[in-house]
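Let's take a friendly walk through this fold, with the model open beside the text.

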Amino acid sequence: MKKMEDYVRAIPDFPEPGIIFRDVTSVLQDPDGLKLAIDSMMGLLEGTEIDVIAGTESRGFMFGVPIAYQLGKGFIPVRKKGKLPCETVSAKYDLEYGSAEIEIHKDAIKPGQKVVLVDDLIATGGTLAASIQLIEQLGGEVVKVILLMELAGLKGREKLNGYEVASVITYEGN
């Protein structure tokens with residue numbers, strides 16, 4: 001039986017020399033890989049009390065929605081600025097080469113709701129830290145952050161100090 005790592009394609013020197021890009025599309029396009037990814041991520045939630053799942057655009061949607069479905073919970077999208085039609089709250093964060101802004105509907109989370117945040121990957125942690133900020137601004141409690149992959153060498157987990165973070169696969173480098 002294949003391990004989760006066997007489904008992730010490694011592309012050397014992308015987007016620049018010296019970087020190994022961990023491609024999640026190879027997981028998504030393989031039925032067994034996709035099932036293993038969702039099942040493995042759901043396994044990270046055992047014993048966690050959850051009211052709602054939130055996921056970051058766009059790969060957090062791909063993993064978060066089937067998890068929410070399996071658990072019988074709702075799903076809240078955390079989107080790039082300008083993509084949501086109703087009143088929103090937003091947060092800016094730094095990227096490696098610039099900045100970005102994400103937002104969430106103002107009525108998406110009710111005060112006191114226990115939220116699990118889902119994404120495919122943590123690198124520097126900026127998107128997830130901004131997402132947590134938005135969830136908490138609306139009164140939600142982030143009870144866990146789950147990821148398919150973690151690039152430990154980029155130390156993104158440090159931006160999430162104080163939160164329970166779990167990943168299916170950890171790559172020690174960048």
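**Charged pairs, a helix and a buried aspartate**

Start with Lys-35 and Asp-39, whose side chains meet in a salt bridge with 2.8 Å from N to O. A salt bridge here is a side-chain nitrogen of Lys or Arg within 4 Å of a carboxyl oxygen of Asp or Glu. The two residues are four apart in helix H3, so about one helical turn separates them. Lys-35 is exposed, with a relative accessible area of 52%, while Asp-39 is partly exposed at 40%. For these words, buried means under 20% relative accessible area, exposed means over 50%, and partly exposed lies in between (1.4 Å probe, protein chains only). Helices (H or I, at least four residues) and strands (E, at least two) are DSSP runs, numbered from the N terminus.

Before going further, a word on what you are looking at. This is a predicted model, in which local features need pLDDT of at least 70 and side-chain atom pairs count only at pLDDT 80 or more, whereas totals for chains, interfaces and linings use all residues. Residues are numbered from 1 along each chain as its sequence is written, and side-chain values use heavy atoms, with hydrogens and water left out.

The structure holds 10 salt bridges. Side chains of opposite charge can pair when their charged atoms come close. Glu-87 is exposed at 53% relative accessible area, and Lys-106 is partly exposed at 41%.

Elsewhere, salt bridges that share partners join Lys-81, Glu-101 and Glu-103 into one network.

Now move to helix H4, residues 59-71. Its 13 residues reach 19 Å from the first C-alpha to the last, close to the 18 Å expected at 1.5 Å a residue; the expected span is 1.5 Å times one less than the number of residues. Which residues of H4 are buried? They are Gly-60, Phe-63, Gly-64, Ile-67 and Ala-68. Seen down the axis of H4, these fall within an arc of 130 degrees, so they line one face of the helix; the arc is that of the directions from the helix axis to the C-beta atoms. The face turned away from this buried side carries the exposed residues Tyr-69 and Gln-70. What covers the buried residues of H4 includes helices H2 (25-28) and H3 (31-43), along with strands S3 (52-56), S4 (74-80), S7 (114-122) and S8 (141-151). Just after H4, Gly-72 takes a positive phi of about 70 degrees.

Finish at Asp-23, which lies in strand S2 (residues 20-23) and is buried at 8% relative accessible area. The side chain of Asp-23 makes a polar contact of 2.6 Å with that of Arg-9, and another of 2.8 Å joins the side chains of Asp-23 and Thr-25. A polar contact is a pair of N or O atoms within 3.5 Å; within protein, one must be able to donate a hydrogen and the other to accept it, and residues adjacent in sequence count only if both atoms are side-chain atoms. Not counting residues up to four places away in sequence, Asp-23 touches Val-8, Arg-9 and Ile-11, where contact means heavy atoms within 4.5 Å.
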